[in-house]
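Please find below my notes on the model you sent. They are set out as numbered points, to be read beside the coordinates.

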Amino acid sequence: MIEMAGATDTGLVRDRNEDAIKLVPEQGIAILSDGMGGHLAGNVASRMAIDVIAEELGKSNFKTSEPLPEDARKVLISSMNAANSSIRAVARSQPECYGMGATIAVCVIAEQVLVSHLGDSRVYLFSEDNLTQITEDHTLAQQYL
């Protein structure tokens with residue numbers, strides 16, 4: 001049995017919370033997305049991202065008590081590509097959403113854990129009272145480092 005919890009916070013800079021979380025414990029799926037601050041409709045993009053990814057991953061019927069199937073990585077990448085395509089289509093067709101985007105972090109938890117992310121939404125491992133960042137930001141600042 002996997003227990004999951006999620007919370008978001010607007011923070012000190014923005015007036016609007018553009019975070020979105022979707023947890024599907026029975027399939028071991030945890031998704032977090034954050035709209036790109038300063039861009040139009042980041043909250044729309046983050047909600048679309050988690051919904052499309054959850055729907056696509058839901059079709060795979062992952063089981064938390066079994067090893068991930070060999071194609072799990074491809075399924076995860078495909079789900080993220082589907083979310084990207086959906087967001088881009090809406091951004092092109094609706095002027096109020098032009099340029100919208102979001103960062104994403106996805107974990108699929110079974111007998112092992114599969115992690116994928118884009119942007120600066122981070123995934124951390126908490127083990128034995130230690131918190132360790134396991135993803136690396138996809139940002140211009142990180143490229144300079």
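How do the residues of the lining of the largest pocket divide into nonpolar, polar and charged?

1. The model is a predicted one. On the question above, the lining of the largest pocket holds 20 nonpolar residues, nine polar and eight charged.

2. That pocket has a volume of about 880 Å³. Its lining is made up of 37 residues, and I21, L32, A105, S121 and R122 are the ones nearest its centre. Two or more lining residues come from each of β1, β2, β3, β4 (113–118) and β5 (124–127).

3. Two of those strands, β1 (residues 19–24) and β2 (residues 29–35), run antiparallel and are joined by six bridges. Within this pairing, A20 stands opposite S33 of β2. The two strands form a hairpin, with four residues between them. In the turn, G28 has a positive phi of about 70 degrees.

4. Helix α1 covers residues 42–60, which makes 19 residues. From its first C-alpha to its last, α1 reaches 28 Å, close to the 27 Å expected at 1.5 Å a residue. Just after the helix comes N61, which also deserves a look in the viewer: its phi is positive, at about 55 degrees.

5. Which residues of α1 are buried? They are G42, A45, S46, M48, A49, I50, V52, I53, A54 and L57. The cover over these buried residues includes the strands β1 and β2, together with α2 (72–93) and β3 (102–109).

6. At least two lining residues are supplied by each of α1, α2 and β3.

7. Which element gives the largest share of the lining of the second largest pocket? That element is α2, with eight residues. By type, the lining of this pocket divides into 12 nonpolar residues, four polar and one charged.

How values were computed:
Residues are numbered from 1 along each chain as its sequence is written. This is a predicted model: local features need pLDDT of at least 70, side-chain atom pairs count only at pLDDT 80 or more; totals for chains, interfaces and linings use all residues. Side-chain values use heavy atoms; hydrogens and water are left out. Two strands pair if DSSP finds at least two bridges between them. The expected span of a helix is 1.5 Å times one less than its number of residues. Buried means under 20% relative accessible area, exposed over 50%, partly exposed in between (1.4 Å probe, protein chains only). Contact means heavy atoms within 4.5 Å. On a 1 Å grid over the protein atoms alone, a cavity is a set of points where a 1.4 Å probe fits but cannot get out, and a pocket is an open set with protein on both sides within 12 Å along at least five of seven lines; lining residues have an atom within 4 Å of a point. Grid points are joined across faces, edges and corners, and a volume is the space filled by probe spheres set on the points. Ala, Val, Leu, Ile, Met, Phe, Trp, Tyr, Cys and Pro count as nonpolar, Asp, Glu, Lys and Arg as charged, and the others, Gly among them, as polar.
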